[in-house]
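Dear colleague,

Please find below the structure that I am handing over to you. My findings follow directly after it.

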Amino acid sequence: MFKISLTGSKSQPKSAPVQILEPLTPTAVIWQLLAFSLVVLPLLWHLPNWISVVAALAWFWRWGISQGRIGRPHWSLRLLLLVGIGLGVLLSFSRSTSLDAFAALLVLSLSLKLLEIQQRRDALVLLYVASFTLATAFLFEQSLVMGLYSLAVIWVWITALVSCWQSERPSHWTRPMRQGWRLFWPALPLMLLLFLLFPRIGPLWSVTLNTERAQTGLSDQMSPGEVSQLTRSAELAFRAVFAEDQVLPTPSQRYWRALVYSEFDGRSWTLGTPPAGLRTEWNALEEMEALSAPIDYEIMQERSGRLWMFALDLPQQATSESRWLPGRRLEALAPIDQRRQYRLSSVLEYRLAPQLSEALREYYLRLPPAANPRSRALAQGWWQAAEQDPQRFIQTLLDYFNQSFIYTLEPPRLPLNHAVDAFLLETQRGFCEHYAGASAWMLRSVGIPARVVAGYQGGEWNEAGRYFTLRQYDAHAWVEVWLEGEGWRRLDPTAAVAPERIEQTADLFFADEPSFMADAPLAGLGRGASRWMFALQRRYDAVNFQWHRWVLNYHEQQADFLRDLLGGVTPWRMILALLIPAAVLLFAVWLGLYQMRRAPRGDALERAQKRLFAKLARQGQRREAHESLAEFARRMAQVFPEQAPMWQSLATADERWRYAPDANRLDYKACLTALKQCIRRV
Amino acid sequence: MEEDVFTPAQLHGAVRQALEVLNQVLLGKAEQVELAVTCLLSRGHLLIEDLPGMGKTTLAHALAQVFGLQPTRIQFTSDLLPADILGVSVFEPGQGTFRFHPGPIFTQLLLADEINRTTPKTQSALLEAMEEGQVSLDGVSRPLPEPFFVIATQNPTHQLGTFPLPESQLDRFLMRITLGYPAAAAEREMLMRGGTRQETANLPVCLSARALQQVQKEVEQVHASASLVDYVQRLAQFTRDHASFSYGLSPRGALALLRAARSHAWLQGRKHLLPEDVQQIMTAVIGHRVRASEEASGLGSATGSSLSVARLMAQMKAQVDVLG
């Protein structure tokens, strides 16, 4: 066993070999229980409830054992429990063999092991498995809070390890924390160094979490009611970071493009597959003419499990890990299974595909022939009235929406057949997908090419981090209409119905609607509650964002960082860069420990104790020569019963510093503090 | 092998129990009993000095019994010879060789009764064996058993027919204690019970000899901090500098002080020494190693009467500052 001794190990005789089968002290049991609960807690949130119940039962059982209230489980019962949890895991996770099942198995076996701990060996098994379990918690949650929490748990873990190697019951159960801390902090700089410099190796095998849960977000088809479902969630979709020198898009320019729906089957809009003859043309990148200076920004996209990426209307270039798809949208080469960061540049004023071939124009006009006859007739009427001028037709359409339509999160259900008819002529209440879908329908039915674009609109600006936060409730759908000579132009009928929705952020606009963020009650709390809570939430979001950007995604910056630092990355430079700082750090830590171990010059303590003796002597309390400070303090505790705790603590501190085997600078300070307190209060 | 390994807590509990049993036998002598056990745990030999009939032999027998040691008793008389203690090689005519017949000293606990009634020659034979832990006879060294513990009793030197032990030999004993008359209440209870020797043979065995050795190992690991060592050094220095002592404590005496204090601290359940430990065992450890000067003792008695030693020790305790 490698043991760091902080006290003069030379002066101590060699200690007897520590027995691994020795029973644990009550203090060690407390620390095992504490370490267990802290390690398991973050995992329980992500696992089925019955596992929490098992863990809690095991905890209380072990607690009962340590209190002497319950007996240890008989081996037959333990065997039964083992079979029970095995079956439970099989039943709970029979449908997916994801990592959740293994995490559950870890937590459950830890719980059973907890029941067994009795000797040092058992505690070691528990702790080593617990350290592994703690790491698995990062599979589910990687926030800053979780990171800090884990650090704290590691401290507790080390303390538990320390406590189970102590065969003597310490003076107070928190006592091992100090030893734990002394082992913990010297590791911190080393951790930082390894984090910064240690080369990242790609995973040897990839594991998938249960991704079903992660898939709130847009989908590859759009039917009425689907986008409004998203507004129930405040889950983060992505962030867009703008450097200081970049011009920010105005609220009405903040359209984040993700998907382009080109085909309509009477009810749903889908991405579409054109007939075979059209493929080449369809797949060719639509030409874009930039009319304004490009804006550079960075997107940090949350895990979606899908391929599509987000870009401000309209992206200029694809990144190395993405490709263009029809409709000038970007798609990743592999599903976004973890948070991804990419740089893009976009142009806000543009002309997109001013030339559209006859065949493609036909394709963008396709409609199911028999559907929605009434709205088709309505469109024909307007088209005549507008003298077949697309601009005037569009104006008529927007005016029509502006008259009596209501923009709402809870639109009435539409019939399966002739849904557009029902929406336009009867219910007249809808969310953005209703308006976008109906507009595209109307445009197509009079021969104006149109398609529906889905993505996000708006976003909350965070000044501290200089980024926009786009959440699921910012999901939006709008229309692109192709006009002769102008190309594809954005047309947002929602802006006609509810212009404030575009000018404000979604959360402000919908704040009063009951179903808005219905699935995220806590996120809504900060809104109405108070201004400072709102500010606090933003500040936290900014910090968390930096955490994601610089810590969790550090591997993306590491190459640049290393190149700047070392001037070229070669194996030798890497080795030196790791070894030299590590050696320096270890030396510094050793020096710090050495300093701590060295007895400080006792001047201050001696002066203080003389002052105390003099002060007490004036009150008739003289210290006898044979009394140590501790003994004298104990006597004073009897002389001044009302101050007994203070004197007792002085006695303890003095005994520790002057006579205990592992006394160090901290004990010296504790003793001095206790002395000074006594001097003040005598 | 494994069942012989005990936890520190188990060992401490067993020794504490042994102390309780001993106190049942020797009523009202808790301090002396504790000193005797302390001495045993420090691998030291014990000298009990008192008048006949004060319970010296009872204490020795009870100690042997509760610590599971094999006891042997030698009654020292003026005509006892070294061979009577150490053993003798006898010529065996059949084989034509000498065979060694071990003496009573080959035992775990030797009770040397009235050691000062024998001649210095016999005394030194015993004392050398105590120091070396082995017996050398006819050019062959024979180790004594482990543990080996001698309790010697002696009558006060002013009694008739005694050969006082010289200082060099007194030094071999880690402690010297006196039992003294029992307190009234304790004596009354003892008289009521009848107090027979038979009693000691029926005492429970609290500790095996192997466990005792383990305790002795643990005791050696009790931590003595720098401040405490300084204090012990100041005590030793005091005996050398102060006029009340005719001669001071030897370095071996100072070591003995630390050694005995360690097992006292262990008995209190501590793993480090405190000044109290040293003060508690000081008289027993130093008392027979120093001598009061003529003017201090007033009487000029040999090896200092217990009265003058007690006074010296009280003086030393009061004048040597724990804090330096």
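**Interface between the chains**

In this predicted model, 24 residues of chain B are in contact with 22 residues of chain A, two residues being in contact if their C-beta atoms, placed from the backbone, lie within 7 Å. On the side of chain B that touches chain A, at least two residues each come from helix H9 (209-220), helix H10 (226-241), helix H12 (275-286) and helix H14 (306-319) of chain B. Helices (H or I, at least four residues) and strands (E, at least two) are DSSP runs, numbered from the N terminus. That side of chain B is made up of 10 nonpolar, eight polar and six charged residues. Here Ala, Val, Leu, Ile, Met, Phe, Trp, Tyr, Cys and Pro count as nonpolar, Asp, Glu, Lys and Arg as charged, and the others, Gly among them, as polar.

Residues are numbered from 1 along each chain as its sequence is written, while chains are lettered from A and ligands numbered from 1 in the order in which they are written. As the model is predicted, local features need pLDDT of at least 70 and side-chain atom pairs count only at pLDDT 80 or more, whereas totals for chains, interfaces and linings use all residues.

Strand S8 (residues 149-154) of chain B is mostly covered, with six of its six residues buried. A residue is buried if 20 or more other C-beta atoms lie within 10 Å of its own, exposed if 12 or fewer, and partly exposed in between, with C-beta atoms placed from the backbone. Phe149(B), Ile151(B) and Thr153(B) point one way from S8(B), and Val150(B), Ala152(B) and Gln154(B) point the other way.

S8(B) pairs in the parallel sense with strand S1 (residues 46-49) of chain B over four bridges; two strands pair if DSSP finds at least two bridges between them. In this pairing Ile48(B) stands opposite Thr153(B). Strand S5 (residues 109-113) of chain B also runs parallel to S8(B), joined by four bridges, and Leu110(B) stands opposite Val150(B).

Ile151(B) is among the residues that touch the most other members of the largest nonpolar core, which has 109 residues. A nonpolar core is a set of buried Ala, Val, Leu, Ile, Met, Phe, Trp, Tyr and Cys residues joined through C-beta atoms within 7 Å. Helix H11 (residues 251-267) of chain B gives the most to this core, with nine residues. A second, separate core of 87 residues includes Phe238(A), Ala240(A), Met300(A) and Tyr435(A).

Strands S6 (residues 134-137) and S7 (residues 140-143) of chain B run antiparallel and are joined by four bridges. They form a hairpin with two residues between them, and Asp138(B) in the turn has a positive phi of about 50 degrees.

**Chain A**

Chain A has 26 helices and 19 strands, and 34% of its 682 residues count as buried. An unreviewed UniProt entry places the feature "transmembrane region" at several spans of chain A, including residues 75-93 and 146-162; such annotations may be inferred rather than shown by experiment. The span 75-93 of chain A is 95% helix, and its end C-alpha atoms lie 27 Å apart. The span 146-162 of chain A is 100% helix, with its end C-alpha atoms 24 Å apart.

Leu616(A) lies in helix H23 (residues 603-618) of chain A. Leu616(A) counts as partly exposed because it has 19 C-beta neighbours inside 10 Å.

With kind regards
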